[in-house]
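Thanks for passing this one along.

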Amino acid sequence: MPELPEVEVTRLGIKPHLEGRQITHVDVIDGRLRWPVLRGLPKILMGQRLDVIERRGKYLLLKMTNGYLIIHLGMTGVLRVLAQKDPLKPHDRVVIHFDQLTLRLHDPRKFGAVLWHPATKGDVLHHPLIQKLGPEPLAEEFAGQLGATRLYQYSRKRSISVKAFLLAGQAVVGVGNIYCSESLFEAGIHPGVSAGKLTKAQCERLAHAVRTILKRAIAAGGSSLRDFVDAHGEPGYFMMQTKVYDRANEPCRVCKTPIRQITQNLRSTYYCPQCQKR
Ligand SMILES: [Zn+2]
C-alpha cells in the first residue's frame, strides 16, 4: 500500500512534467473507484490549467484553474506520465490528456479516488477528507518543539500503545506500519509503551525520529523518479533499507540483539528488545 513517502515521491515524479499545462481531454475508463468518479468530470476539467501539485497526508492536490482535483492512490494505485500514443494497460482507470502527454491512474484494486473540489466550495484544506487529518510531519507545524509538544499533549491520558497512537494519525499524519516501527526504533522507544506514559524527552526524540525516517524514505525513492515517465517502469513503490521492519530474528544493526516481531492490533511490529527497553 502506498504510504506517505510513496505519495510524495509520486508528486515529485509527475510534477515537473505537468505543472503549467492545460487539460485537453479526459477519459474515465472505469470510474468505479473508492467513490464513483463524478460523471461530469471530463467536461469540468477540459480546458483547465494545472497550476501546481501539492500534497496533504496521502492525498495529492492538483490545483486547477477552477478548483482542486484530489487524487488518492488507495491500496494499489499508481500515477504515471506517458505519451498519448503509449497503449493503455489493463487496470488503467482514468487518463487525463495534456496535448501529447497523459497522466494515467492505474489501479487494479480500485480503492483509489479521483474527486473534484470546485473553488466555489472554498479552501480544499476544509474538504471533509482532508480537514480532519493531523499535522503534516514534514511541515513547519511539526518541526522541532512543535512536533514534540503535539505528541506530548495528544498522548496525555491515552492508555493505547504508542504504536497505535502514531498509526491513528491524529497527533501526526502519514506514519504507516513500516515507518512506525522504524521511527520507534530510531527514538529508542518500546512499541508497547502506553502513549500516556511518554515523557517530554521521549516525545522530542519521537517527533524528530518521525521526520528523519520519512525524509530518509523519500530520499530512497528518489532513484525511481524517472520510472514515472517510463512505460515499462513500475513507479511509486520502493523500500528504504529498514533497521527493524521485516527483520525478525536478524541482528539489530546497532547492538546485534535479534530483532523481535510481535502483533499489535492485528499488525506486525518489529523492535529491538535491547535498544527499545520498556
Ligand atoms: Zn539493538
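1. A word on terms before the details: a polar contact is a pair of N or O atoms within 3.5 Å; within protein, one must be able to donate a hydrogen and the other to accept it, and residues adjacent in sequence count only if both atoms are side-chain atoms. By that rule, the side chain of R93 makes a polar contact with the side chain of H91, at 3.4 Å. A polar atom of the R93 side chain also lies 3.2 Å from the backbone oxygen of P108.

2. Please keep in mind that this is a predicted model, in which local features need pLDDT of at least 70 and side-chain atom pairs count only at pLDDT 80 or more, while totals for chains, interfaces and linings use all residues. Residues are numbered from 1 along each chain as its sequence is written, and side-chain values use heavy atoms, with hydrogens and water left out.

3. Staying with R93, where does it lie? R93 is in strand β6, residues 92-98 (helices, H or I with at least four residues, and strands, E with at least two, are DSSP runs numbered from the N terminus). R93 counts as buried at 9% relative accessibility; buried means under 20% relative accessible area, exposed over 50%, and partly exposed in between, with a 1.4 Å probe and protein chains only. Setting aside neighbours within four places in sequence, R93 is in contact (heavy atoms within 4.5 Å) with D27, V28, I29, D30, L33, L105, D107, P108 and K110.

4. H91 deserves a look of its own. It is found in the loop between β5 and β6 and, at 40% relative accessibility, counts as partly exposed. The phi of H91 is near 80°, a positive value in a residue other than glycine. Most residues other than glycine have a negative phi. K157, in the loop between α4 (144-155) and α5 (162-168), also has a positive phi, near 60°; K157 is exposed, with a relative accessible area of 84%.

5. Next, the open sheet. Its four strands come in the order β2-β3-β4-β8, with antiparallel pairing; two strands pair if DSSP finds at least two bridges between them. β2 (50-56) and β8 (113-118) stand at the edges with a single partner strand each, so one side of each has no neighbour in the sheet. From one strand to the next, the twist averages 20°. Helix α1 (residues 4-18) packs on the sheet and touches β2 and β3 (59-64), its direction making about 170° with that of β2. Axes here are lines fitted to C-alpha atoms, for helices over the stretch in contact, and angles run from 0 to 180 degrees between N-to-C directions. Six bridges join the antiparallel strands β4 (residues 67-72) and β8, and Y68 stands opposite H117 in β8.

6. β5 (residues 78-83) pairs with β7 (residues 101-106) in the antiparallel sense over six bridges. In β7, T102 is the bridge partner of L82. Five of the six residues of β5 are buried. V81, in β5, counts as buried at 1% relative accessibility. Beyond its neighbours within four places in sequence, V81 is in contact with I14, H17, L18, L101, T102, L103, F228 and V229.

7. Helix α6 (residues 177-187) is mostly covered, with 10 of its 11 residues buried. What covers these buried residues includes α1, α5, α7 and β10. Just after α6, G188 takes a positive phi of about 70°.

8. Finally, which residues coordinate the zinc ion? They are C252, C255, C272 and C275, each through SG, at 2.2 to 2.4 Å. Donors are N, O and S atoms within 2.8 Å of the metal (3.2 Å for Na, K and Ca); water is not among the atoms, so sites may look incomplete. Along the chain the donors follow the spacing C-x2-C-x16-C-x2-C. C252 lies in the loop between α7 (200-221) and β9 (260-264) and C275 in the segment after β10 (267-271), so the pair ties together parts that are 23 residues apart in sequence. C252 counts as buried, at 1% relative accessibility, whereas C275 is partly exposed, with a relative accessible area of 25%.
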